[in-house]
Amino acid sequence: MECDAAKNMKYDEDHPRRRIPELFRLFWNLGWTVGAGGSLSIRKGDDIYFPPSGVQKERIQPEDIFVTNMKGEIIDGPASDKNMKISTCKPVFMKAYKHRDSGAVMHTHSPNAVLITILYPGKEFRITHQQALLGIKKCSSGRNYVFHEELVIPIVENALEEAELKDRVEKVITEYPDASAVLVRRHGIFVWGDSWVKVKIMLESYDYLFDIAIKMKQFGMDPGKVPTDEHGIV
């Protein structure tokens, strides 16, 4: 039987088949993809790489990855005796690939993302005047946010099956041209971007902003309010 090192030698370091398992292990350690939850996908040319569904994400191997074309049709996958199925997030991810020409899409069950959707029962989460905004892409212009701008993240209601979210996500992509993410009530967050590196940076930035917003709420402060009573040295 091949050892893991031998299997990995088949692919260069940045190949999606190696990068996806690596990212899953990282996210699992952060508590974002526990209990077989969460998903992520990376595009390489006209091929899109997806993980299997319903498995322990931190144990995924390069040979467990599915590959589709830009139409979402499976063109390669794990050995049939593994009885694996492609990620149930595929229909949602394909909307981001289609409408945003994304290079990667990621979905986590971050506790901070879930809690934010409970603290904000409406259709949007808003925050402003935070340095971490610089890590978020503004899709309509292609540039990142700056410190004093307002970030708006749409919130959609959850569904019984991941695939049922695709129309809600597509609506968000159409109605919020700046959005690089959507929150799903009591479920998690989907983030899309130009590459896996940029999506990872945005995921981390979003989670930091959610954590700050939760703490601000605990102190009775509004994360979306422009501060007018701060007078430090300039």
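Arg 186 is placed in the loop between β10 (181-184) and β11, where strands (E, at least two residues) and helices (H or I, at least four residues) are DSSP runs numbered from the N terminus. The phi of Arg 186 is positive, near 55 degrees, in a residue other than glycine. With a relative accessible area of 58%, Arg 186 is exposed; the term exposed stands for over 50% relative accessible area, buried for under 20%, and partly exposed for values in between (1.4 Å probe, protein chains only). The model is predicted, so that local features need pLDDT of at least 70 and side-chain atom pairs count only at pLDDT 80 or more, while totals for chains, interfaces and linings use all residues. Residues are numbered from 1 along each chain as its sequence is written, and side-chain values use heavy atoms, with hydrogens and water left out.

A positive phi, about 70 degrees, is also found at Ala 36, which is not a glycine. Ala 36 is part of the loop between α2 (16-29) and β1. The relative accessibility of Ala 36 is 27%, which means that it counts as partly exposed.

Helix α3 (residues 90-100) is mostly covered, with 8 of its 11 residues buried. The buried residues are Lys 90, Val 92, Phe 93, Met 94, Lys 95, Ala 96, Tyr 97 and Arg 100. Their cover includes the strands β1 (39-44), β2 (47-50), β3 (66-68), β5 (104-108) and β11 (188-193), together with helix α5 (166-175); contact is defined as heavy atoms within 4.5 Å. Asp 101 follows α3 and has a positive phi, near 50 degrees.

Leu 115 belongs to helix α4 (residues 111-119) and is partly exposed, its relative accessible area being 34%. Together with Ile 118 and Leu 119, Leu 115 forms a nonpolar surface patch with about 200 Å² of accessible area. Patches consist of residues with over 30% relative accessible area and no salt bridge, with nonpolar side chains (Val, Leu, Ile, Met, Phe, Trp, Tyr) joined within 5 Å and like charges within 9 Å. A salt bridge is a side-chain nitrogen of Lys or Arg within 4 Å of a carboxyl oxygen of Asp or Glu. Accessible areas come from the Shrake-Rupley method with a 1.4 Å probe, and for residues only the protein chains shown count as cover. An α-helix has 3.6 residues a turn, so residues three or four places apart point the same way.

Ser 205, in helix α6 (residues 196-218), counts as buried because its relative accessibility is 11%. Leaving aside residues up to four places away in sequence, Ser 205 touches Ala 132, Gly 135 and Ile 136.
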